[in-house]
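This report looks at some strand pairings and a charged surface patch. The structure is shown first, and the notes follow.

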Amino acid sequence: GTTDYTYENYIRLCKNSVINTPYNERIIVGIDKTYSSKDGAIIIKQSSDYLDETGRCIYLFEDKIMGSLELYQYDMTFDKDLTICGNIYFQWAKVVINDDVEITINGNVYKKYNEYNPRALIINGHMNVLGDFICDDCGHRMRMENEDSYLYVQGDFRLNNGVSSIFPFDSNGTVEVKGNISGYAISEGKSNTLILSGTKKQTIKGNSFNNLYLLNGSNEGVDILSDFKIFGEYHSPYKAPNLSGWRTTVYADNLFSNNYYDKVFVLGTFSKDVIINGTVEQSFANMYIPENVSVKINGNFIKYTESDSSIFVYGLYIYGKMEVLGNFNEYEGALRLHMGENSKLLVHGNLSLNGNEKNLWTFDSNGTVEVKGDVSGYNAYNTKNTLILSGDQEQNISGETFNNLYLLNTSDEGVTLESDIKIQGEYHSPYKAVNLNGHKTTVNPNGLFSNHYYDTVYFDQHVGQDTIDK
């Protein structure tokens with residue numbers, strides 16, 4: 001039958017079971033023989049004898065196992081707190097940590113791979129791992145079913161044998177890791193939160209996350225080792241991660257002020273004001289800034305496409321306010337840039353549209369664009385758009401057709417043309433005439449104003465009107 005051993009605490013074991021001795025030996029209890037070896041593990045194997053009413057082997061743990069625990073073809077449910085002083089290994093076994101139960105492993109966790117094995121690790125309570133957590137099995141065979149489930153790993157955390165593109169981790173709880181992470185994947189719709197809280201450099205490799213908190217406070221921070229998408233909140237309050245050329249895709253409303261990002265690909269709608277510390281990129285997705293919403297980017301904004309077929313597909317829609325402290329570079333075709341009548345785009349650096357004049361698609365803007373740097377590739381044909389150049393050093397401008405143009409540059413050098421331009425609406429130049437640089441300015445005569453400064457301007461019926469009415 002079962003055998004009781006007492007050494008500080010006791011374990012009730014079925015046959016084919018193993019327990020540590022005070023001499024760090026291993027005792028295997030069989031049907032007809034007992035022998036020992038020196039590798040110090042406690043092994044519980046499947047037994048058909050002495051089953052409880054659920055069909056599982058009868059066992060009883062006190063609050064501590066002095067050695068390691070290995071489960072092979074043996075299901076186990078932890079229904080009260082337990083500390084395992086060594087490692088835990090399991091293969092072809094289902095392990096469940098019940099609600100409100102805390103399991104602490106002072107060593108490592110190893111879940112070995114078994115193809116087509118439906119058995120799982122289910123964490124409904126709290127699991128602390130002071131070593132590494134290595135799961136070479138598929139990630140979907142690990143589950144955290146409760147939102148308050150918690151897995152803490154002081155070492156490295158590895159799923160899917162470190163490959164992130166196989167099966168997602170079925171988790172609604174929180175995973176906190178102090179070491180490196182690989183093979184992480186979460187299905188959209190899960191409430192999982194991943195926290196990186198190490199005190200030295202951490203690396204992360206995966207392909208999808210729900211909430212991601214980069215709380216590493218070290219000087220080295222976090223290195224990203226793969227492209228990935230974040231479905232939920234993205235927090236990085238201390239330092240932007242090191243992307244090394246990889247891509248991080250985030251929904252617009254899940255970025256936060258007073259955080260630090262590096263080249264985030266943004267999609268979706270901003271529903272609240274936000275200050276983004278880092279460069280924002282857009283590709284293969286629409287991005288919306290509604291009325292009464294302000295988005296400030298303390299970096300560059302880059303909009304581009306990797307395929308000509310998507311040039312008419314994805315747009316940037318500005319109906320509120322967008323401020324870019326760096327450069328605004330648009331490589332896709334300005335036809336997909338939309339601004340509402342009361343919207344504003346303020347660019348402190350350079351504004352480059354249409355891939356720097358590769359194709360002069362019309363900028364579909366009825367709002368106001370103010371630029372402190374150079375402007376290139378601009379074409380606002382037949383719109384209500386206003387362009388303001390308000391730099392305090394020399395600015396260059398090139399494009400094709402403008403609606404209202406305000407040259408409010410205050411520098412001694414002023415504004416220099418880099419192409420012929422046409423102005424359909426108002427033309428304001430209150431401080432200094434533009435430096436034509438050999439180019440031609442064609443205007444609507446009713447858009448000129450007294451007490452302004454112009455160099456040679458051309459009247460064109462196709463640009464303006466037949467009659468000067470003021």
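## Parallel pairing around β17

Strand β14 (residues 102-105) pairs with strand β17 (residues 126-129) in the parallel sense, over 4 bridges. The model described here is predicted. Within this pairing, Thr104 lies opposite Asn128 in β17.

β17 also pairs with β20, again in the parallel sense and over 4 bridges. Here Asn128 stands opposite Tyr152 in β20. In general, strands of a sheet pair through backbone hydrogen bonds, in either a parallel or an antiparallel way.

## A negative surface patch

Which residues form the negative surface patch? They are Asp99, Asp100, Glu147 and Asp148.

Asp148 sits in the loop that runs between β19 (142-144) and β20 (150-153). The relative accessible area of Asp148 is 62%. Exposed means over 50%, so Asp148 counts as exposed.

## An open sheet of four strands

Elsewhere in the chain numbering, 4 strands make up an open sheet with parallel pairing, in the order β50-β53-β55-β56. Its edge strands are β50 (401-402) and β56 (458-459), each of which pairs on one side only.

What is the pairing sense of β50 and strand β53? The two pair in the parallel sense over 2 bridges, with β53 covering residues 421-423. Phe402 is placed opposite Ile423 in β53.

Notes:
Residues are numbered from 1 along each chain as its sequence is written. This is a predicted model: local features need pLDDT of at least 70, side-chain atom pairs count only at pLDDT 80 or more; totals for chains, interfaces and linings use all residues. Side-chain values use heavy atoms; hydrogens and water are left out. Patches are made of residues with over 30% relative accessible area and no salt bridge: like charges are joined within 9 Å, nonpolar side chains (Val, Leu, Ile, Met, Phe, Trp, Tyr) within 5 Å. Accessible areas come from the Shrake-Rupley method with a 1.4 Å probe; for residues, only the protein chains shown count as cover. A salt bridge is a side-chain nitrogen of Lys or Arg within 4 Å of a carboxyl oxygen of Asp or Glu. Lys and Arg count as positive and Asp and Glu as negative; His and the chain ends are not counted. The place of a charge is taken as NZ of Lys, CZ of Arg, CG of Asp or CD of Glu. Buried means under 20% relative accessible area, exposed over 50%, partly exposed in between (1.4 Å probe, protein chains only). Two strands pair if DSSP finds at least two bridges between them.
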